[in-house]
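User: I would like to go through this model before planning my reading of it. Could you walk me through the main features?

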Amino acid sequence: MTNENLIQYLYGIADNSLILGQRLGELCGHGPTLETDIALTNISLDLFGQVRSYFQYLAELSKDDLTEDDLAFLRKEREYKNLLLVEQPNTDFAYIIVRQYFFDVFHYMLLEKLQDSKNVNLQGIAKKSIKEVAYHQRFSGDWLLRLGDGTEESKQKVQQAVSDLWVFTDELFHVTKDDEAVIKAGHGVDVRLLKDDYYAKITNQLKQATLEVPETKYFQKGGKQGIHSEHMGYILADMQFMQRAYPDMKW
């Protein structure tokens with residue numbers, strides 16, 4: 001395993017929380033109720049806190065004189081390695097919850113295994129973050145049940161969200177060449193081994209919510225290779241504006 005392998009592996013984890021945190025940040029002041037609004041904002045802040053830990057470690061690994069702000073705000077679109085799932089837009093509340101739940105289940109499983117990493121830095125981040133992600137998973141899972149087993153309109157909307165976002169779930173378990181090297185060294189998690197348990201848990205939750213499990217065999221991918229959807233450019237335009245307009249500004 002090379003230093004560059006580890007750097008790219010870390011981007012593959014950290015960028016998910018960065019972009020999803022940014023998406024949730026867009027909702028501040030727009031939640032359906034005050035309590036839910038605050039909850040979504042707090043989840044966003046949790047994710048950004050985790051991102052800071054990853055990026056501080058990444059800055060230490062980098063041979064260049066980089067800061068966590070440089071890593072967050074000054075990379076080009078193809079340099080971000082987040083999943084396509086997390087960059088999908090806030091179409092409506094049902095989409096927000098389904099996107100969150102699909103990611104939260106995976107995120108919790110990943111951190112659970114990452115606690116056993118040979119890398120003490122990754123161990124520490126995982127142990128610190130997993131309690132937050134347990135709450136995220138409970139929050140999104142409870143809302144999925146409420147929407148699926150709620151009114152006729154809420155059921156229709158959440159079923160549409162499940163059907164539309166399902167095509168992004170398989171990418172959760174794709175492994176890059178950098179991932180392979182880090183996994184082999186015992187520093188990373190082989191996410192392919194999580195796939196069966198993930199779909200079993202998701203399927204069970206959907207059935208409890210009286211929702212249908214999509215049967216599609218077609219899945220979209222590309223984010224982990226830096227090939228993103230049309231939504232990514234708009235996210236970065238918002239997220240990077242201040243840092244590019246006022247270079248070297250310190251918060």
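This is a predicted model: local features need pLDDT of at least 70, side-chain atom pairs count only at pLDDT 80 or more; totals for chains, interfaces and linings use all residues.

Analyst: The following conversation covers the nonpolar core, the salt bridges and a surface patch.

User: How many residues are in the largest nonpolar core, and which have the most contacts inside it?

Analyst: The largest nonpolar core has 78 residues, and Y54, F55, F102, L114 and Y198 have the most contacts inside it. Such a core is a set of buried Ala, Val, Leu, Ile, Met, Phe, Trp, Tyr and Cys residues joined through side-chain atoms within 4.5 Å. Buried means under 20% relative accessible area, exposed over 50%, and partly exposed in between (1.4 Å probe, protein chains only).

User: Which helix supplies the largest share of this core?

Analyst: Helix 4 does, with 15 residues. Helices here (H or I, at least four residues) are DSSP runs, numbered from the N terminus.

User: And what does F102 touch?

Analyst: Not counting residues up to four places away in sequence, F102 touches L85, V162, L165, W166, T169, L172, Y198 and I202. Contact means heavy atoms within 4.5 Å.

User: Changing topic: how many salt bridges does the structure hold?

Analyst: The structure holds eight salt bridges. A salt bridge is a side-chain nitrogen of Lys or Arg within 4 Å of a carboxyl oxygen of Asp or Glu. In one of them, D15 pairs with R75, and the closest N and O atoms are 2.7 Å apart. That pair links distant parts of the chain, as D15 is in helix 1 and R75 is in the loop between helix 3 and helix 4, 60 residues apart.

User: Is D15 buried or exposed? And R75, buried or exposed?

Analyst: D15 counts as buried because its relative accessibility is 0%. R75 also counts as buried, at 7% relative accessibility.

User: What about R23 and E26?

Analyst: Their side chains meet in a salt bridge at 2.9 Å, N to O. R23 counts as buried at 7% relative accessibility, whereas E26 is partly exposed, with a relative accessible area of 33%.

User: Where is K224 found, and what does its side chain reach?

Analyst: K224 is found in the loop between helix 8 and helix 9. Its side chain reaches the backbone oxygen of H174 at 2.5 Å. The side chains of K224 and D179 also meet in a salt bridge (3.5 Å, N to O). Because K224 lies in that loop and D179 in helix 7 (residues 177–184), the pair ties together parts that are 45 residues apart in sequence. K224 is buried, with a relative accessible area of 13%, and D179 is buried at 8%.

User: Lastly, which residues make the nonpolar surface patch?

Analyst: F241, M242 and Y246 make a patch of about 330 Å². Patches are made of residues with over 30% relative accessible area and no salt bridge; like charges are joined within 9 Å and nonpolar side chains (Val, Leu, Ile, Met, Phe, Trp, Tyr) within 5 Å. Accessible areas come from the Shrake-Rupley method with a 1.4 Å probe, and for residues only the protein chains shown count as cover. F241 lies in helix 9 and is exposed, with a relative accessible area of 53%.

Key. Residues are numbered from 1 along each chain as its sequence is written. Side-chain values use heavy atoms; hydrogens and water are left out. Helices (H or I, at least four residues) and strands (E, at least two) are DSSP runs, numbered from the N terminus. A polar contact is a pair of N or O atoms within 3.5 Å; within protein, one must be able to donate a hydrogen and the other to accept it, and residues adjacent in sequence count only if both atoms are side-chain atoms.
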